[in-house]
Structures are given as structure tokens and as C-alpha cells.
Amino acid sequence: MNHGYYLAMAYAAAAIALVAELVALRRARARALALIEGERELEAQD
Amino acid sequence: MNADKPQMNAVKAKATTSPLPSMNFFHYSSPSTFFGLAGRLAPWFFALAALLAVAGLYVGFGLAPTDATQGEVYRVIYLHVPAAWMSMLLYFVMACYGAVAITFNSRLSAMMARAIAPTGAWFTFVALWSGAFWGRPTWGTYWVWDARLTSELVLLFLYFGFIALANAFDDPRRGDKAASLLAIVGIVNLPIIYFSVHWWNTLHQGSSVKLTGTSMHVLMLTGMLLMTFACWMYAIGATLTRVRTIILERERRTRWVRSIAGVA
């Protein structure tokens, strides 16, 4: 039985999930900063 | 009244000129002060996590011997066991933050609970996924409705429920309370997960590591513990990073957020 396949699938999925979480963290931060920037511009227009 | 004034002013002056403001337990319980601390600490936790993971994988894959009965596939433990431990630990910590948030109406505790949930769900998913790819060559199946596996799946749904409930309200404080309550109720699942292998006949094996000792080879144990600490450090780093975003969103109308938004 090729155990390499099962090991690779377990670790590769974890690596993909890790990258996905880190990307999600960065996107959430960028979204929050954009939100603040948007409100700041609205306030400046008023 | 006036006689008390000089004394009060002296107390105020002492409080403001204290050389150790950080020694105050509640100093970092404010989102504005915790924001900076989290930003300073998070990169260190990520770096520590990376170092420990490299060391753990080196010991686990390079030094630890092959298992006599399971062969090479046992090396999934360096991912599966730490992820499973972290999934339970993070839920416990999340529920504790939830309890503090409800009891003391603390904003930062509720934010911390929210910040932990996605990483907890992530670890639960990794534990289930890696377990499936360990189960196929050892048990002959990816999944079985065994007590340990099912209760771990329930944990994943509890995390999803927490995240969904926290975001289901227009008023985030109401979302915090509802989700915290769910987290506290769901804590009953943790002993079920842990003791499931003792309470029921399960396909899942019992614990190899106990407080009284272990049946594992020392190198296998070392690799697993290194990976556990790596996961722990990663979880703290990810939580601190996420809570900063939550603080920015929640406090976006405050002056201090406006002032740091350009450099955060």
C-alpha cells in the first residue's frame, strides 16, 4: 500500500488550508482598513 | 469636600506618573491598548510557530523510526494529534472568553472569542481530514460514525454555529452574547470527545500520551510535542492578527482608529 499518497493528502490539505487562512486574515484586514478609509472620506465630504 | 481635593489630586498624579503602567491587570483589557500589544506580539508567535514546525517535521520525518505495525502512515500523527488537541483547547478558551464577555460585559473578551473561532474550526477540519487519510490505510475506511469522530464533527458544527450566530445580528454586541452562550453550552462536547474512547467501543484508538506516561518512542513523542507547540503558537498568532481586524471594524468610528488607520 502506498502510504505516501495518504501522508501527502493529509499534509497538503493542511498546507492549503493554512495558506487560505492567512490570505483570509490579510483580506479581512484590508477590508477593515478600506471601511475606515471610506468613512473618513464620507466625513470629509460632509 | 475641598479638603479631599489635594489628596485626590495626589492619587491622580501618582497614577499618571507610575513607571509601570503595564503592570495594571486591566491596562490591556481596552481594545485600544490591546491593539498595539497584539500587533507587536503576533509576528513573534508566527516566527516561533514556523521554527517549531520545521523542528517538529524534521524530528518526525527525519529522525523518528517507522512504526512497527502501521508503517510510514503513522506520521500523520504529527499533524492529526496536535490539530485535534488544539481544536478542543481553542474551543475551551473561546468558551471562557465568552463566559467573561457575558459576565463582565467585556468588549475585548467577546472580540477574542470571535477571533478564536475560525482558527478553532480550521484545526478541527485539519484533525478530521488528516484522520480520514490515516483511517483509510489503517481501518480500511475514510469515515465511520464512531463516537470520537462524530463528537469531533459536532465540534466543527459548534464552531460553524458560533461564527454564524455571531454574525447573524445587526448589532454586534447582541451577536457576541448569543454566540458566547452557544460556546458555553457547547463546552459539554469537550469531555464527550476526550472520554468517548473510554465510554464506548470505538474504532478510534485510545490515548497514547497520558499524564502518567506514554507508550510512544521518545523521538515520536518529541516530534509530536514540537508540532503541538507550533500549532499553539500559530493559533495565538492568528488569533491576535484577527482580533486586530475585529477591533478596527468595531472601533472604526473612534478617533484613535482614524488616527492609526493609515499605518495599521
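**Notes on the chain A and chain B model**

1. Start with where the two chains meet: 37 residues of chain B are in contact with 24 residues of chain A, contact being heavy atoms within 4.5 Å. Keep in mind that this is a predicted model, where local features need pLDDT of at least 70 and side-chain atom pairs count only at pLDDT 80 or more, while totals for chains, interfaces and linings use all residues. Residues are numbered from 1 along each chain as its sequence is written, chains are lettered from A and ligands numbered from 1 in the order in which they are written, and side-chain values use heavy atoms, with hydrogens and water left out.

2. The area buried between chain B and chain A is about 2700 Å², and carbon and sulfur atoms give 67% of it. Buried area here is the accessible area (1.4 Å probe) that two parts lose on being put together, summed over both. Trp122(B), Phe133(B) and Arg258(B) supply 22% of what chain B buries against chain A, more than any other three residues.

3. Three salt bridges are counted between chain B and chain A; each is a side-chain nitrogen of Lys or Arg within 4 Å of a carboxyl oxygen of Asp or Glu. In one salt bridge, the side chain of Arg242(B) meets that of Glu21(A) at 2.8 Å, N to O.

4. Which elements of chain B give two or more residues to the side that touches chain A? They are helix 2 (31-63), helix 3 (77-104), helix 4 (107-139), helix 8 (218-250) and helix 9 (255-260), where helices are DSSP runs (H or I, at least four residues) numbered from the N terminus. Helix 4 of chain B brings the largest share, 10 residues.

5. Away from that topic, look at Ser180(B), placed in helix 6 (residues 172-186) of chain B. Ser180(B) is buried, with a relative accessible area of 2%; buried means under 20% relative accessible area (1.4 Å probe, protein chains only). Leaving aside neighbours within four places in sequence, Ser180(B) is in contact with Gly98(B), Ala101(B), Ile102(B) and Phe162(B).

6. Is Tyr74(B), in turn, buried or exposed? Tyr74(B) lies in the loop between helix 2 and helix 3 of chain B, and is buried, with a relative accessible area of 3%. Not counting residues up to four places away in sequence, Tyr74(B) touches several residues, including Gly60(B), Pro65(B), Trp134(B) and Met220(B). Tyr74(B) and Asn105(B) are 31 residues apart in sequence and 46 Å apart in space, C-alpha to C-alpha.

Conventions:
Buried < 20%, exposed > 50% of the residue type's maximum accessible area, 1.4 Å probe, protein only.
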